[in-house]
Amino acid sequence: MRTLEWEDNRLKLIDQTKLPDELNYVYCDNYQDVIVAIRDMIVRGAPAIGVAAAFGMALADIEDVDLDKAAEEIKAARPTAVNLFWAVDRVLDSENPLEEALKMYEEDRATNRAIGKYGAEVIDEGDTILTHCNAGALACVDYGTALGVIRAAHEQGKGINVICDETRPRGQGASLSVWEMQQENIPVKLIPDVASGFLMSQGKIDKVVIGADRIAKGGVVNKVGSFMVALAAKYHDIPFYVAAPYSTFDNEISIFDTVIEERDGDEVRYYGGARICPEGTEVINPAFDITPKELITGIITEKGIIDPI
Ligand code: MRU
């Protein structure tokens, strides 16, 4: 399964807003289509956003649009995942935008397998691994970062079990991570976000592996809820790993200076299409949070496991 593909001079994307019930594809014929797909989360997850943005730049080049202008517009699609900015700048600096995008596509695939290989080394036989949001094949070109570690451990016959946080408000854990695990018959259970601390206290979680949207000085930005999982893991002395490629590192800034995307309040006001609070309720809906480095056991990269920066 490939989350995105370059096909007949256009970008083909799995429509992640329709999963798990329908496996549909969306085609981007121009760079504006790519911006809409990133903004509306048809494609989401840091590495996938990055590679999609690279193809957006390639489309802009084919359309003969000024690449500096296209770069600014694509970068404005979502603010937090640094891969978006990294990918756009890399294509901007290249000789041939399409060749560069295709290179990044292949690199992402190789990177995830390397992350999986290194990550599987810290997974023991029979471990139950908690993950949050979707850092899987659907968040990359394929295979995944956190779910890449899980896939690699499963492929090695380690007999692991997976627990997915549902990941309110958009439910990427429930709709995407559970779906991915089921596609490959990896044993998986879904829990409400609020249950992970209790399950840890019961000895039912051995390790946590999550992805990242940005790794900077002092910690990691990932899907909102990651910080609370990290706090609970620290309390219970459970290893907490972040799996991410070097393209997710932003070495220049403090993690506390990262722009955290604030999303539409209706994502919280409504559940399954029904309003769950009084009409007009004010909402705070940050899409990501910050896990300080003291709570992180290690960062699993394509070059090995390192300490947070
Ligand atoms: O808002 P999303 O769905 O784009 O958020 C995705 C996440 O937070 C992932 O965990 C992160 O991008 C890592 S993906 C390999």
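Biologist: Leaving aside neighbours within four places in sequence, which residues is Ile276 in contact with?

Modeller: In this predicted model, Ile276 is in contact with Arg168, Val268, Arg269 and Tyr271. The word contact requires heavy atoms within 4.5 Å. Ile276 itself is found in the loop between strand 13 (274-275) and strand 14 (288-292).

Biologist: What makes Ile276 exposed rather than buried?

Modeller: The relative accessible area of Ile276 is 53%. Exposed means over 50%, so Ile276 is exposed.

Biologist: Arg168 was named among those contacts. What kind of peptide bond joins Arg168 and Pro169?

Modeller: That bond is cis, with omega about 5°. Pro169 is found in the loop between strand 5 (161-165) and helix 7 (172-183). A cis peptide bond also runs from Leu19 to Pro20, where omega is near 10°. Pro20 lies in the loop between strand 2 (10-14) and strand 3 (25-28).

Biologist: What is the phi of Asp8, and how exposed is the residue?

Modeller: Asp8 has a positive phi of about 50° although it is not a glycine. Its place is the loop between strand 1 (4-7) and strand 2.

Biologist: Is Cys133 buried or exposed, and how do you know?

Modeller: Cys133 is buried, because its relative accessible area is 7% and buried means under 20%. Phi of Cys133 is near 65°, a positive value in a residue other than glycine. Cys133 lies in the loop between strand 4 (128-131) and helix 6 (146-155).

Biologist: Which residues of helix 3 are buried, and how do you know where on the helix they lie?

Modeller: The buried residues of helix 3 (residues 67-75) are Leu67, Ala70, Ala71, Ile74 and Lys75. Seen down the helix axis, they fall within an arc of 125°, so they line one face of helix 3. The buried residues of helix 3 pack against helix 1 (31-39), helix 2 (46-62), helix 4 (82-92) and helix 5 (97-120).

Biologist: Which residues of helix 1 are buried, and what arc do they cover?

Modeller: In helix 1 the buried residues are Tyr31, Val34, Ile35, Ala37 and Ile38. They cover an arc of only 165° around the axis, which puts them on the same side of helix 1. These buried residues pack against strand 2, strand 3, helix 2, helix 3 and helix 4.

Biologist: How many helices and strands does the protein have, and why is the protein called as compact as a globular protein of its length?

Modeller: The secondary structure comprises ten helices and 16 strands. The radius of gyration is 19 Å, close to the 19 Å that the globule rule gives for 309 residues, so the protein is as compact as a globular protein of that length. The C-alpha trace spans about 60 × 50 × 40 Å along its principal axes.

Note on methods:
Residues are numbered from 1 along each chain as its sequence is written. This is a predicted model: local features need pLDDT of at least 70, side-chain atom pairs count only at pLDDT 80 or more; totals for chains, interfaces and linings use all residues. Side-chain values use heavy atoms; hydrogens and water are left out. Buried means under 20% relative accessible area, exposed over 50%, partly exposed in between (1.4 Å probe, protein chains only). Helices (H or I, at least four residues) and strands (E, at least two) are DSSP runs, numbered from the N terminus. The arc is that of the directions from the helix axis to the C-beta atoms. The radius of gyration is taken over C-alpha atoms; the globule rule is 2.2 Å times the number of residues to the power 0.38.
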